[in-house]
Amino acid sequence: DDVGESMNTVLAFVIVMLLSILAMPWVGFLLSALVSFAVLMAIAMYDRWTPKRAALYGGIGIAIVLSFYAIFAKILLVPLPKGWLFQG
């Protein structure tokens, strides 16, 4: 059933995003964003994963997350969570 499968995908996306938000105070923006990006890509991927595709998407994902971090933290000076586990 396509509708049920779509609803499960949407629900999984919402759950991953909420968990990412809840994890940010502990692990920080970067780690939380990288992990959530990877999990969301795994959920959203329809075609079969190949090593080339995984490396390409992984590299692009890292570049996107780091770019957003740089734009918000360094250019716009938005304070992003560093995470309690990594302070000290």
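Predicted model: local features only at pLDDT ≥ 70, side-chain atom pairs only at ≥ 80, totals over all residues.

Q: Is Leu56 buried, partly exposed or exposed, and what is the relative accessible area of Leu56?

A: Buried means under 20% relative accessible area, exposed means over 50%, and partly exposed lies in between (1.4 Å probe, protein chains only). Leu56 is partly exposed, because its relative accessible area is 48%. Leu56 lies in helix H2, and its C-alpha atom is separated by 17 Å from that of Ile43, 13 residues apart along the chain.

Q: What does H2 span from its first C-alpha to its last?

A: The expected span of a helix is 1.5 Å times one less than its number of residues. With 25 residues, H2 reaches 35 Å, close to the expected 36 Å.

Q: How is the packing of two helices described?

A: Two packed helices are described by the angle between their axes and the distance between the axes. The axes are lines fitted to C-alpha atoms, for helices over the stretch in contact, and angles run from 0 to 180 degrees between N-to-C directions. Here helix H1 (residues 2-44) and helix H2 (residues 51-75) pack at an angle of about 145 degrees, and their axes are 10 Å apart.

Q: Which residues of H1 and H2 meet?

A: Contact means heavy atoms within 4.5 Å. From H1, Phe29, Leu30, Ala33, Leu34, Phe37 and Met41 take part, and they meet Tyr57, Gly61, Ile62, Ile64, Val65, Leu66 and Tyr69 in H2. By class, this contact of H1 with H2 has 12 nonpolar, 1 polar and no charged residues. Here Ala, Val, Leu, Ile, Met, Phe, Trp, Tyr, Cys and Pro count as nonpolar, Asp, Glu, Lys and Arg as charged, and the others, Gly among them, as polar.

Q: Which residues of H2 are buried?

A: The buried residues of H2 are Gly61, Val65 and Ala73, and these buried residues pack against H1. Of the 88 residues of the protein, 17% count as buried.

Q: Why does Ser20 count as buried, and what does Ser20 touch?

A: Ser20 is buried because its relative accessible area is 8%. Ser20 lies in helix H1 and touches Ser32 and Ser36, not counting residues up to four places away in sequence. Ser32 also belongs to helix H1, and Ser32 counts as buried at 5% relative accessibility. Apart from neighbours within four places in sequence, Ser32 is in contact with Ser20, Ala23, Met24 and Val27.

Q: What is the phi of Leu77?

A: Most residues other than glycine have a negative phi. Leu77 has a positive phi of about 55 degrees although it is not a glycine.

Q: Where is Lys82 placed, and is Lys82 buried or exposed?

A: Lys82 is in the segment after H2 and counts as exposed, at 61% relative accessibility. The C-alpha atoms of Lys82 and Pro25 are separated by 7.3 Å, although the two residues are 57 residues apart along the chain.

Methods:
Residues numbered from 1 in each chain as written. Heavy atoms only, no water. Helix = DSSP H or I, 4+ residues; strand = E, 2+ residues; numbered from the N terminus.
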